[in-house]
Amino acid sequence: MDRMISDEEVIEIGRKLKELREKLNLTQQEFADKLYWDVSSYQKIETGKALMTLDKAIQIHRDYEVDLNYFVANDLYDEEDVLKQVLTNASREKSTRLMIRLLEYFVRVLKASL
């Protein structure tokens, strides 16, 4: 019987998971902890050595409002939703630091365009 998913697709799913984690500004350990995953199992998924199970994909969908199609159909997720999740899930101190960095970035962009 042919495999349903290729090795390249498993690697791509891991890459997208890593991209999501980095957009949330979380370490592998922090992301794994938030999702109640063993960090070594999570690392295998992120590096494409293992495939994420459906229950874990559903958990990410519920916790971070990421469309499941993002992982399997190249659909993009809404970056505003990710920003909202960062601000609501991060500590007050971390949220404040993130907002300051974001504002500093916008100021630099605006100054460069003048």
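**Walking through the model**

Reply: Let's begin with Tyr-105, which is found in helix α7 (residues 92-113); helices here are DSSP runs of H or I with at least four residues, strands are runs of E with at least two, and both are numbered from the N terminus. Keep in mind that this is a predicted model, where local features need pLDDT of at least 70, side-chain atom pairs count only at pLDDT 80 or more, and totals for chains, interfaces and linings use all residues. Residues are numbered from 1 along each chain as its sequence is written, and side-chain values use heavy atoms, with hydrogens and water left out.

Me: Is Tyr-105 buried, partly exposed or exposed?

Reply: Buried means under 20% relative accessible area, exposed means over 50%, and partly exposed is in between (1.4 Å probe, protein chains only). Tyr-105 has a relative accessible area of 44%, so Tyr-105 counts as partly exposed.

Me: Which four aromatic residues form one cluster?

Reply: Rings of Phe, Tyr and Trp (its six-membered ring) pair if their centres lie within 6.5 Å; planes under 30 degrees apart are stacked, over 60 edge-to-face, and the rest tilted. By this rule the count comes to three aromatic pairs. Phe-31 and Tyr-42 pair edge-to-face, 5.5 Å centre to centre with 75° between the planes, while Trp-37 and Tyr-42 make a tilted pair, 5.5 Å centre to centre with 40° between the planes. The one cluster is made of Phe-31, Trp-37, Tyr-42 and Tyr-64.

Me: How many residues are in the largest nonpolar core?

Reply: A nonpolar core is a set of buried Ala, Val, Leu, Ile, Met, Phe, Trp, Tyr and Cys residues joined through side-chain atoms within 4.5 Å. Those with the most contacts inside the largest one are Leu-17, Phe-31, Trp-37, Met-52, Ile-60 and Phe-71. The elements giving two or more residues to this core are α1 (7-23), α2, α3, α4 (54-64) and α5 (69-72).

Me: How far apart in helix α1 are Arg-15 and Glu-19?

Reply: These two form a salt bridge (a side-chain nitrogen of Lys or Arg within 4 Å of a carboxyl oxygen of Asp or Glu). The closest N and O atoms of Arg-15 and Glu-19 are 3.0 Å apart. Because Arg-15 and Glu-19 are four residues apart in helix α1, their separation is about one helical turn.

Me: Where in the chain do Glu-46 and Arg-21 sit, and how many residues apart are they?

Reply: Their side chains meet in a salt bridge at 2.8 Å, N to O. The pair links distant parts of the chain, with Glu-46 in helix α3 and Arg-21 in helix α1; the separation is 25 residues.

Me: What is the phi of Tyr-36?

Reply: Most residues other than glycine have a negative phi. Tyr-36 lies in the loop between α2 and α3, and at 72% relative accessibility Tyr-36 counts as exposed. Although Tyr-36 is not a glycine, its phi is positive, at about 55°.
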